[in-house]
Amino acid sequence: MAAPTGNSTVRTDLPTVSLSTAQPLTAKADVLVLGIRGDQEREGVADALDLLGFSGKDDEIVVFPAGDRASAGVVVAVALPAEPTASDLRAAAARGVRRAPKGSVAVALHPASIEDTVAIAEGVRLGRYRFTAYQTSSSEDASGPAEHVVLSSFARQSAAGRAVEEAEAVTDAVAQARDWVNTPPGDLRPPTFADAISALTADVTGSAVKVEVWDEKRLAKERCGGILAVGRGSETPPRLVTLSYAPRGAKQHLALVGKGITFDSGGLSIKTGPGMATMKIDMAGAAAVVTATLAIAKLGLPIKVTAYACLAENMPSGTATRPGDVLTMRNGSTVEVLNTDAEGRLVLGDGLALATETTPDLIVDVATLTGACVVALGERTSGILGSDDATIDRLASASGTAGEPMWPLPIPTEITAAVKTSKIADLRQHNPKPYGGTLFAAAFLREFVGDVPWAHLDIAGPSFNDGAPYGEIPNGGTGVAVRTLVQLARDLTA
Ligand code: BES
Ligand code: ZN
Ligand code: MN
């Protein structure tokens, strides 16, 4: 019984990044990560690149000893497109530092703006992320974190320095979200996750963000029938954690709701073995809304943010919710449960209802909600659904600026109608037809937001990378949606 190692408060440190106006070939560092954009940027290293057959295409990367070509000992040459975007630079910086041998690193990707400079700094930090908490012999450099310098002609501008400091707060939040997703499910159950959120909030923001934790008794008193129903089969009871950041002078109120299923076995509608192998990730939405809220507070953005993390463990047992059971949700509506593996919409329904009661200007929920979304959009693109096109566009724009691929999906009227076809309750939780699972789930969620503008991010695919690292994305938890949510808060306050 109980937690195997008790590692619920893992916190991975990312390296600090400084800026310099130094020139690539004379920068003082052990390793030079050098962006190569066509022929003009081969000067000084062209002979080595030719010898290595470097074409400069796609994601090409080569590592060679600098000899007398540069002050650094080793050059990591990274191919760049002719006109790299901020996303290209973020990804290239991450790939470059991942290939860098030990020692201090100078990153020379020729940023054309402060925005580019920040993207490179983000890439350096995110590319250095490693989850080693459960490895007894870590391959980490024992001599402490190495220095990372981003070379930029904007280095002396105070705006660039400030922007890079802000990027540190955001990337720290991403790393924390990744840590929580990566933590084994036996070590991060609803009560321990709630404690970890409370501890981090006090640590990161002092009293700027208030935390309130509802235990199972309080959840019952507050009529949160969805969260309770999902948590009923587990030995560890559910929790609802509410974070409130309310800076003076805030003119808008953003509510965030996160799916926090610390393990999704499917419940009595149990998953297959392979189907539940990675289901520790099912709290990635809660991790994203919590860490994004703390980052927004740390940045001091002038917007009120309330985050609801809906935490439960979905387990089969003699006390578990059965297919056929009818629940009464926080907003008073009754729901016929037909598949206990469609649990996310039940915990989110209560979280959305609570958010709606405060009539915020905008609600965004984040959830690893449906396998169908991975079928529709692949593993690297999140779905955006919502109450109206303007709200969906807001999220699409924030995700584009943040460099996190997300794409709109509709909530058609016939699917909205299907949610109301239960013969016994107000709503049915599960679609009788096997089509449009993502749309049905969103149509169900929409029943809980009333007239408040609302968007739903389905991150089932992008929350976890079970393959090799790519760009700034490591293996394992990705921290997806954190950057988009912070960008959204920035857009709303711009
Ligand atoms: N947590 C899963 C969705 C999921 C699947 C996330 C794959 C990440 C990767 C969710 O609770 C679930 O089980 N959804 C079901 C819904 C179905 C029963 C209507 C699904 O997608 O199969
Ligand atoms: Zn789930
Ligand atoms: Mn499920």
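Q: Which residues coordinate the zinc ion (ligand 2)?
A: Lys 259 (NZ), Asp 264 (OD), Asp 282 (OD) and Glu 343 (OE) do, at 1.9 to 2.4 Å. Donors here are N, O and S atoms within 2.8 Å of the metal (3.2 Å for Na, K and Ca), and water is not among the atoms, so sites may look incomplete.

Q: Before we go on, what are the ground rules?
A: This is a predicted model: local features need pLDDT of at least 70, side-chain atom pairs count only at pLDDT 80 or more, and totals for chains, interfaces and linings use all residues. Residues are numbered from 1 along each chain as its sequence is written, chains are lettered from A and ligands numbered from 1 in the order written, and side-chain values use heavy atoms, leaving out hydrogens and water.

Q: OK, what geometry does the zinc site have?
A: Octahedral, with angles of 78 to 172° among 6 donor atoms. Six donors count as octahedral if opposite donors are over 155 degrees apart and all others between 65 and 115.

Q: Which residue bridges the zinc ion (ligand 2) and the manganese ion (ligand 3)?
A: Asp 264 does, and the two ions lie 3.1 Å apart. Asp 264 sits in strand 9 (residues 253-264), while Glu 343 is in the loop between strand 12 (334-336) and helix 10 (344-357). These two residues are 79 apart, so the pair links distant parts of the chain. Strands (E, at least two residues) and helices (H or I, at least four) are DSSP runs, numbered from the N terminus.

Q: Are Asp 264 and Glu 343 buried or exposed?
A: Both are buried, meaning under 20% relative accessible area (1.4 Å probe, protein chains only).

Q: And strand 9, how many of its residues are buried?
A: 12 of 12.

Q: What does strand 9 pair with?
A: Strand 10 (residues 304-314), in the parallel sense, over 11 bridges. Pairing takes at least two DSSP bridges between two strands. Val 257 has Tyr 308 of strand 10 as bridge partner. Strand 13 (residues 362-367) also runs parallel to strand 9, joined by 5 bridges. There, Leu 254 stands opposite Leu 362.

Q: Switching topic: which side chains have an N or O atom 2.8 Å from ligand 1?
A: Lys 271, facing an oxygen atom of ligand 1, and Asp 282, facing a nitrogen atom. For Lys 259, the distance to an oxygen atom of ligand 1 is 3.2 Å. A polar contact is a pair of N or O atoms within 3.5 Å.

Q: How much of ligand 1 does the protein bury?
A: 77% of the 520 Å² that ligand 1 exposes when taken alone. Areas come from the Shrake-Rupley method with a 1.4 Å probe.

Note on methods. Four donors count as tetrahedral if all angles lie between 85 and 135 degrees; four count as square planar and six as octahedral if opposite donors are over 155 degrees apart and all others between 65 and 115; anything else is irregular. Buried means under 20% relative accessible area, exposed over 50%, partly exposed in between (1.4 Å probe, protein chains only). A polar contact is a pair of N or O atoms within 3.5 Å; within protein, one must be able to donate a hydrogen and the other to accept it, and residues adjacent in sequence count only if both atoms are side-chain atoms.
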